[in-house]
Amino acid sequence: MTPSPMLSGPMKAHAVRLEPGDDLVSSLQRVANDLSQNNCFVISAVGSLSGVTLRMANATAQGSGTIRTWNENMEILSMVGTFAQHDKHLHLCLSDATGATVGGHLVSGTVYTTLELVLGTIGGIRFERALDQRNWFQRTCRHSVNV
């Protein structure tokens, strides 16, 4: 299947700061829902976490595979992803105190010092999460709406 690009309407950028102790997932979802119900995505993220849980690439929808938790301070090197109404698909790359890096699908986390975000919203596009029958994971679908 060849992916087809989808023309969008205008994009807006929104600067957001999360504070120490904030729950990463619920705070991000709340901000995304406040900005737009279903067309928000991460442009940039700078900050640190005091603990994080990631799902690794070998995890399965049936619960086997690796879900790992780090209970230490970690620097966010990269965060990418999209938000659908009441759902998200986010990946993180982090470094520990030695500079070693880890990455995966965000399950949970807690802000350590700060998290400075730039989130984008796109007119004319709607993100939704739907079950992919091929692997039983939720996947992000995009739909065109009035541009």
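Analyst: Leu-92 touches Leu-24, Leu-49, Val-52, Leu-54, Ile-76, Ser-78, Met-79, Val-102, Gly-103, Gly-104 and Leu-106, leaving aside residues up to four places away in sequence, where contact means heavy atoms within 4.5 Å. The model is a predicted one, in which local features need pLDDT of at least 70 and side-chain atom pairs count only at pLDDT 80 or more, while totals for chains, interfaces and linings use all residues. Residues are numbered from 1 along each chain as its sequence is written, and side-chain values use heavy atoms, with hydrogens and water left out.

Together with Met-79, Leu-92 touches the most other members of the largest nonpolar core, which has 27 residues; such a core is a set of buried Ala, Val, Leu, Ile, Met, Phe, Trp, Tyr and Cys residues joined through side-chain atoms within 4.5 Å. At least two residues of this core come from each of β1, α1, β2, β4, β5 and β6. Here helices (H or I, at least four residues) and strands (E, at least two) are DSSP runs numbered from the N terminus. In soluble globular proteins, nonpolar side chains tend to be buried together.

The chain has 1 helix and 8 strands, in the order β-α-β-β-β-β-β-β-β from the N terminus on. At its start, a side-chain oxygen of Asp-23 comes within 3.4 Å of the backbone nitrogen of Val-25. The buried residues of α1 are Leu-24, Ser-27, Leu-28, Gln-29, Val-31, Ala-32 and Asn-33, and they pack against β1, β2 (40-55), β4 (74-84), β5 (87-95) and β6 (101-122). Ser-27 counts as buried because its relative accessibility is 3%, given that buried means under 20% relative accessible area, exposed over 50%, and partly exposed in between (1.4 Å probe, protein chains only). Beyond four places in sequence, Ser-27 touches Leu-18 and Asp-22.

In strand β2, Cys-40 is buried, with a relative accessible area of 0%. Among the residues that Cys-40 touches, again beyond four places in sequence, are Ala-32, Leu-35, Leu-119 and Phe-127. The C-alpha atoms of Cys-40 and Ile-125 are separated by 9.4 Å, although these residues lie 85 residues apart along the chain.

Strand β1 (residues 11-18) holds His-14, whose contacts beyond four places in sequence include Leu-35, Leu-117 and Thr-121. The side chains of His-14 and Thr-121 are joined by a polar contact of 3.0 Å.

A search of the whole structure finds 1 salt bridge, a side-chain nitrogen of Lys or Arg within 4 Å of a carboxyl oxygen of Asp or Glu. Its partners are the side chains of Arg-17 and Glu-116, at 3.1 Å from N to O; the pair links distant parts of the chain, with Arg-17 in strand β1 and Glu-116 in strand β6, 99 residues apart. Glu-116 counts as partly exposed because its relative accessibility is 35%.

Over the chain, buried residues make up 39% of the 147 residues.

Technical notes
Polar contact = N/O pair within 3.5 Å; in protein donor to acceptor, adjacent residues only side chain to side chain.
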